[in-house]
Amino acid sequence: MTRMQRRTMRMQTLWISIVGVLAVTIYAALAAVQILVLNPLAAAPGRSLDEIHAEMSNAGESLMPGQAFFILGVGIALAVALAVVAVCTAAHPLIPAMGFLVLLMLGAGGYFIASFGAGMGLADAFGIGGGDYSPWARPLYAVSALSAVALVVVGVMAAVRPRSAPATA
């Protein structure tokens with residue numbers, strides 16, 4: 001591999017890492033907004049967010065924002081760690097690409113876990129089911145599903161791509 005090819009691969013790894021961290025961060029941010037704002041407003045129509053918080057507090061319940069931020073923050077921390085390792089080790093661009101696809105794919109599970117406490121708090125305070133009432137969880141699930149498909153496609157492409165011939169001595 002020439003110097004120019006190595007430099008190109010390093011730049012690809014860097015850009016994939018930047019885009020990957022941004023994608024995971026945006027996913028987590030949308031999940032947090034869904035859990036703490038959009039879903040409560042949809043679950044208790046006609047009430048403001050302050051009224052929802054007050055009624056939940058009177059019922060001894062909470063949206064548990066700390067729990068949601070912590071769980072969603074784990075995904076962001078993993079994305080940053082993946083990016084740092086990939087860039088510092090000059091990993092092949094496929095490695096961080098597949099890693100970020102895995103993180104986005106697992107985001108649906110992270111969203112479910114992060115939203116569980118808030119959903120149960122809403123259910124207990126308002127006598128409703130604890131599921132999603134806002135349609136804005138669907139894009140999160142769609143991104144996770146598309147990431148799973150993309151992961152398979154990238155894996156197949158990596159498996160069938162032509163390999164360079166080994167150097168002869």
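User: Let's start with Met64: what does its relative accessibility make it count as?

Analyst: Keep in mind that this is a predicted model. Met64 sits in the loop between helix 2 (49-58) and helix 3 (65-88). The cut-offs are under 20% for buried and over 50% for exposed. At 32% relative accessibility, Met64 therefore counts as partly exposed.

User: And what is the phi of Met64, given that it is not a glycine?

Analyst: As background, most residues other than glycine have a negative phi. Met64 is not a glycine, yet its phi is positive, at about 50 degrees.

User: On to the helices. How are helix 1 and helix 4 oriented to each other, roughly parallel or roughly antiparallel?

Analyst: The axes of helix 1 (residues 3-43) and helix 4 (residues 94-126) come within 10 Å. They cross at roughly 15 degrees, and the limit for roughly parallel is under 35 degrees. Therefore helix 1 and helix 4 are roughly parallel.

User: Where is Thr13, and is Thr13 buried or exposed?

Analyst: Thr13 has its place in helix 1. Leaving aside neighbours within four places in sequence, Thr13 is in contact with Ala86, Val87, Ala91, His92, Pro93 and Pro96. Its relative accessibility is 1%, so Thr13 counts as buried.

User: How does helix 1 run relative to helix 5, roughly parallel or roughly antiparallel?

Analyst: The axes of helix 1 and helix 5 come within 10 Å and cross at roughly 150 degrees. Over 145 degrees counts as roughly antiparallel. That angle makes helix 1, relative to helix 5, roughly antiparallel.

User: Which residues of helix 5 meet helix 1 there?

Analyst: Helix 1 passes helix 5 in a left-handed crossing. From helix 1, the residues involved are Tyr27, Leu30 and Ala31. By class, the contact of helix 1 with helix 5 has 6 nonpolar residues, 1 polar and no charged. On the helix 5 side you'll find Leu140, Tyr141, Val143 and Ser144.

User: What kind of aromatic pair do Tyr111 and Tyr141 form?

Analyst: The structure holds 2 aromatic pairs. For Tyr111 and Tyr141, the ring centres are 5.7 Å apart and the planes are at 80 degrees, so the pair is edge-to-face.

User: How many residues apart in sequence are the parts that this pair ties together?

Analyst: Tyr111 is buried because its relative accessibility is 1%, whereas Tyr141 is partly exposed, with a relative accessible area of 34%. Tyr111 lies in helix 4 and Tyr141 in helix 5, so the pair ties together parts whose separation in sequence is 30 residues.

User: How are helix 1 and helix 2 oriented, roughly parallel or roughly perpendicular?

Analyst: The axes of helix 1 and helix 2 come within 10 Å and cross at roughly 85 degrees. The range for roughly perpendicular is 65 to 115 degrees. Helix 1 and helix 2 are therefore roughly perpendicular.

User: Which residues does Leu49 touch, not counting residues up to four places away in sequence?

Analyst: Leu49 is found in helix 2 and is partly exposed, given its relative accessible area of 24%. In the contact of helix 1 with helix 2, Leu49 is joined by Ile52 and His53 on the helix 2 side. Not counting residues up to four places away in sequence, Leu49 touches Leu36, Val37, Pro40 and Leu41.

User: Last one: what separates the C-alpha atoms of Gly130 and Tyr27?

Analyst: Gly130 lies in the loop between helix 4 and helix 5 (138-160), and at 40% relative accessibility Gly130 counts as partly exposed. Leaving out residues up to four places away in sequence, Gly130 touches Gly119 and Ala123. Gly130 and Tyr27 are 103 residues apart along the chain, and their C-alpha atoms are separated by 21 Å.

Notes
Residues numbered from 1 in each chain as written. Predicted model: local features only at pLDDT ≥ 70, side-chain atom pairs only at ≥ 80, totals over all residues. Heavy atoms only, no water. Axes fitted to C-alpha atoms, helices over the stretch in contact; angles between N-to-C directions. Helix = DSSP H or I, 4+ residues; strand = E, 2+ residues; numbered from the N terminus. Buried < 20%, exposed > 50% of the residue type's maximum accessible area, 1.4 Å probe, protein only. Contact = heavy atoms within 4.5 Å. Left-handed = near helix turned anticlockwise from the far one by under 90°. Nonpolar A, V, L, I, M, F, W, Y, C, P; charged D, E, K, R; others polar. Phe/Tyr/Trp six-rings, centres within 6.5 Å; stacked < 30°, edge-to-face > 60°.
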